[in-house]
Amino acid sequence: MLDIAGNTIFLTDSGGDRPALLFVHGIMMSHAVWRHQVAEFSGDYRVVCVDLRGFGQSSAMTPDISFEDHAADLAHIIAKLSLTDVTLVGWSMGGAIAQVFAATYPRTLVRVVLVDTTPQLLASEAFPHALPAEAAMQLGQLLGSDFAQGCAAFSGMIAPEDAEATRLVTEIATATQPAIALAAFGNSGPRSLIELLPDIKTPTSVIAGADDRICLPGASSYLAAHIPGCTQPVAWIKDAGHAPFLTRPTEFNAALRAALAG
């Protein structure tokens, strides 16, 4: 546990002085989603998995938490743990936070890995590679009226190809405080990070499930094409949805190793 800005932030840390992998989960999730990566990479890297403010075992003084707040927490974690040669691996909302982090703290990281994420959650005329606002509104209404049912619906979209993974993410999601979850969706929906992308010059890789129904494949392709630090195409994980690190861990870990090798 670390005390940061009046909040208690939970994390796991494999320790040592090796290059660090800092894993950041998505909305309504926790560090527990990275179990296959902890097992795979702890022998070669210092693996740190954080529960973002308000999620998992971390506290939040207020449910109104911005991407910038989360990014500042990550900067404190890197400093407090004296992490070196840090690669930030961000999934979904964690990937949006990673975009903000890389643009705000450009000298802190050696690499960014964006996993099934997007610079804009809701589709617009300028950015059609996202969910229609109506679909997101329906999910928000369901979460507000029946939180457990909303969590089950959302989790079913995350990993439809793997029943065990769906059970895990459903369990994690339903443990989230409803006020935190609703505020996070409310803060994410209106945001567009497209203007930040030209500022991300840190070496960047994009990994995505080819069948992602939440952060659509077009968004991953857009990130790879518009981030200056990204010089390789998207590493697609076949037959995988929004959480390939859970449902196709062997393929995902191979793609992550390739990204880390540059």
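1. A residue is called buried under 20% relative accessible area, exposed over 50%, and partly exposed in between, with a 1.4 Å probe and protein chains only. On that scale Asp44 is partly exposed, at 41% relative accessibility. The model is predicted, and local features need pLDDT of at least 70 while side-chain atom pairs count only at pLDDT 80 or more, whereas totals for chains, interfaces and linings use all residues. Residues are numbered from 1 along each chain as its sequence is written, and side-chain values use heavy atoms, with hydrogens and water left out.

2. Asp44 forms a salt bridge with Arg257 (a side-chain nitrogen of Lys or Arg within 4 Å of a carboxyl oxygen of Asp or Glu), and the closest N and O atoms of this pair are 3.0 Å apart. The pair links distant parts of the chain, 213 residues apart, since Arg257 belongs to helix H10 and Asp44 to the loop between H1 and strand S5 (46–50); helices (H or I, at least four residues) and strands (E, at least two) are DSSP runs numbered from the N terminus. Arg257 is partly exposed as well, with a relative accessible area of 29%.

3. Arg35 counts as partly exposed at 38% relative accessibility, and Glu164 is partly exposed at 46%.

4. The largest pocket holds about 560 Å³ of space. A pocket is found on a 1 Å grid over the protein atoms alone, as an open set of points where a 1.4 Å probe fits, with protein on both sides within 12 Å along at least five of seven lines, and lining residues have an atom within 4 Å of a point. The volume is the space filled by probe spheres set on the points, which are joined across faces, edges and corners. Of its 30 lining residues, Leu121, Leu122, Ala136, Phe185 and Gly189 lie nearest the centre. Helix H4 (133–145) is one of the elements that supply at least two lining residues, and H4 gives the largest share, 6 residues.

5. The second largest pocket has about 230 Å³ of space. It is lined by 15 residues, with Arg111, Ser205, Gln232, Ala258 and Ala259 nearest its centre. Strand S8 (204–209) and helix H10 (249–260) each give two or more residues to this lining, and S8 gives the most, with 4 residues.

6. His31 is placed in the loop between strand S4 (20–24) and H1. Is His31 buried or exposed? His31 counts as buried, because its relative accessibility is 18%. Not counting residues up to four places away in sequence, His31 is in contact (heavy atoms within 4.5 Å) with Phe10, Thr12, His25, Cys49, Val50, Asp51 and Gln57.
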